[in-house]
Amino acid sequence: MSARGHAGQSVLLRFGEELNRTGRVRYELRCNCRYRERWTLVEGENALHPYDYKAFRYAEVLYPPGVEVWNLRARERHHPMDEGLCILRCPADELEDIFAICKNAVRCCTQDSFLDCCTREKGQYLGDAVITARSHLWLTGDPSTLRKCIRDFLASAKVSPTLMGVAPGALMQEIGDFSLLFPQLVWTDWLFTGTGRFWGNVSPPFRPCWTPSPLNGSGPTACWTRWMSCGTWWTGRKTFGTAMTSP
């Protein structure tokens, strides 16, 4: 987007996934993002360089008299996907529509990583990545993003030997059950490609570093007191989200 005006004048930009009841853009998203920006102009012509990408359906541009705005464009970004490789035709019911919306979600959320969403978090969570990686692999036949994902989480062992729950990134988050899902990423690559050469060349090698904590001896249990998730199983009971030290 380009604009021309005097120094100090501003253009108000609003983005959203919905419209409110008056037909204006709802820029306060349900995911707690506020897509409202004020672009302050310098004298003469200006070119907008956004700080980051956004997920939106509607845009609203507001500017005062004396400001000229032109060249409004939006660029869709995602990892390359040949959408003709995997197609479902089932017009008799809603299955085709369900497949299409899920396929579009995988397409849009595969950026330089497998993101769980393109709005609030923009993070590659290990647990979410297991699902999206498999979907993306089946839709495209391309294991390159999956293998980058594997390398990302292996590299996080420098921060936490039990692997981070989100990688790459600066968010310090360890999620016990997510780390336990890491072998599924490697297993998915091996099942699809039929070769272990990639895994043999990955460095550093992965080594389990967690220690299960038995509770009462009546069944398999696992508890990590410094992680945000804890799963325990005994006599048919299952508990999540708390560090258990006794049944």
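1. Let me start with Glu 68, which counts as partly exposed at 41% relative accessibility. Please keep in mind throughout that this is a predicted model. The side chain of Glu 68 meets that of Arg 4 in a salt bridge, with N to O at 2.6 Å. Glu 68 belongs to strand β6 and Arg 4 to strand β1 (residues 2–5), so the pair ties together parts that are 64 residues apart in sequence. Arg 4 is partly exposed too, with a relative accessible area of 32%. The structure as a whole holds 14 salt bridges.

2. Another pair to display is Arg 24 with Glu 60, a salt bridge whose closest N and O atoms are 2.5 Å apart. Arg 24 sits in the loop between β2 and β3 (36–40) while Glu 60 is in strand β5, so this contact ties together parts that are 36 residues apart in sequence. The two partners have their own entries for accessibility: Arg 24 is partly exposed at 35%, and Glu 60 is buried, with a relative accessible area of 12%.

3. Arg 107 and Glu 83 also meet through their side chains in a salt bridge, at 3.8 Å from N to O. Here helix α1 supplies Arg 107 and the loop between β6 and α1 supplies Glu 83, so parts that are 24 residues apart in sequence are tied together. Arg 107 is buried, with a relative accessible area of 9%, whereas Glu 83 counts as partly exposed at 41%.

4. The largest pocket holds about 1,400 Å³ of space. It is lined by 37 residues, and the closest to its centre are Lys 54, Ala 55, Phe 56, Ala 74 and Arg 75. The elements giving two or more residues to this lining are β2 (10–16), β5 (58–62) and α1 (95–109). Helix α1 contributes the largest share, 6 residues. Sorted by class, the lining has 20 nonpolar, 6 polar and 11 charged residues.

5. The second largest pocket has a volume of about 220 Å³. Of its 17 lining residues, Leu 115, Lys 122, Gly 123, Pro 168 and Gly 169 are the closest to its centre. The lining divides into 7 nonpolar, 5 polar and 5 charged residues.

6. The peptide bond from Ala 167 to Pro 168 is cis, with omega near -10°. Pro 168 is found in the loop between α3 (144–155) and α4 (176–180). Leu 163 lies in the loop between α3 and α4 as well. Leu 163 has a positive phi of about 75° although it is not a glycine, and this leucine is buried, with a relative accessible area of 1%.

7. Asn 71 is a residue other than glycine with a positive phi, near 60°. You will find Asn 71 in the loop between β6 (68–70) and α1. Its relative accessibility of 33% makes Asn 71 partly exposed.

8. Trp 187, Trp 190 and Leu 191 make a nonpolar surface patch of about 350 Å². Trp 187 is in helix α5 (residues 182–193). With a relative accessible area of 45%, Trp 187 is partly exposed.

Conventions
Residues are numbered from 1 along each chain as its sequence is written. This is a predicted model: local features need pLDDT of at least 70, side-chain atom pairs count only at pLDDT 80 or more; totals for chains, interfaces and linings use all residues. Side-chain values use heavy atoms; hydrogens and water are left out. Patches are made of residues with over 30% relative accessible area and no salt bridge: like charges are joined within 9 Å, nonpolar side chains (Val, Leu, Ile, Met, Phe, Trp, Tyr) within 5 Å. Accessible areas come from the Shrake-Rupley method with a 1.4 Å probe; for residues, only the protein chains shown count as cover. A salt bridge is a side-chain nitrogen of Lys or Arg within 4 Å of a carboxyl oxygen of Asp or Glu. Helices (H or I, at least four residues) and strands (E, at least two) are DSSP runs, numbered from the N terminus. Buried means under 20% relative accessible area, exposed over 50%, partly exposed in between (1.4 Å probe, protein chains only). On a 1 Å grid over the protein atoms alone, a cavity is a set of points where a 1.4 Å probe fits but cannot get out, and a pocket is an open set with protein on both sides within 12 Å along at least five of seven lines; lining residues have an atom within 4 Å of a point. Grid points are joined across faces, edges and corners, and a volume is the space filled by probe spheres set on the points. Ala, Val, Leu, Ile, Met, Phe, Trp, Tyr, Cys and Pro count as nonpolar, Asp, Glu, Lys and Arg as charged, and the others, Gly among them, as polar.
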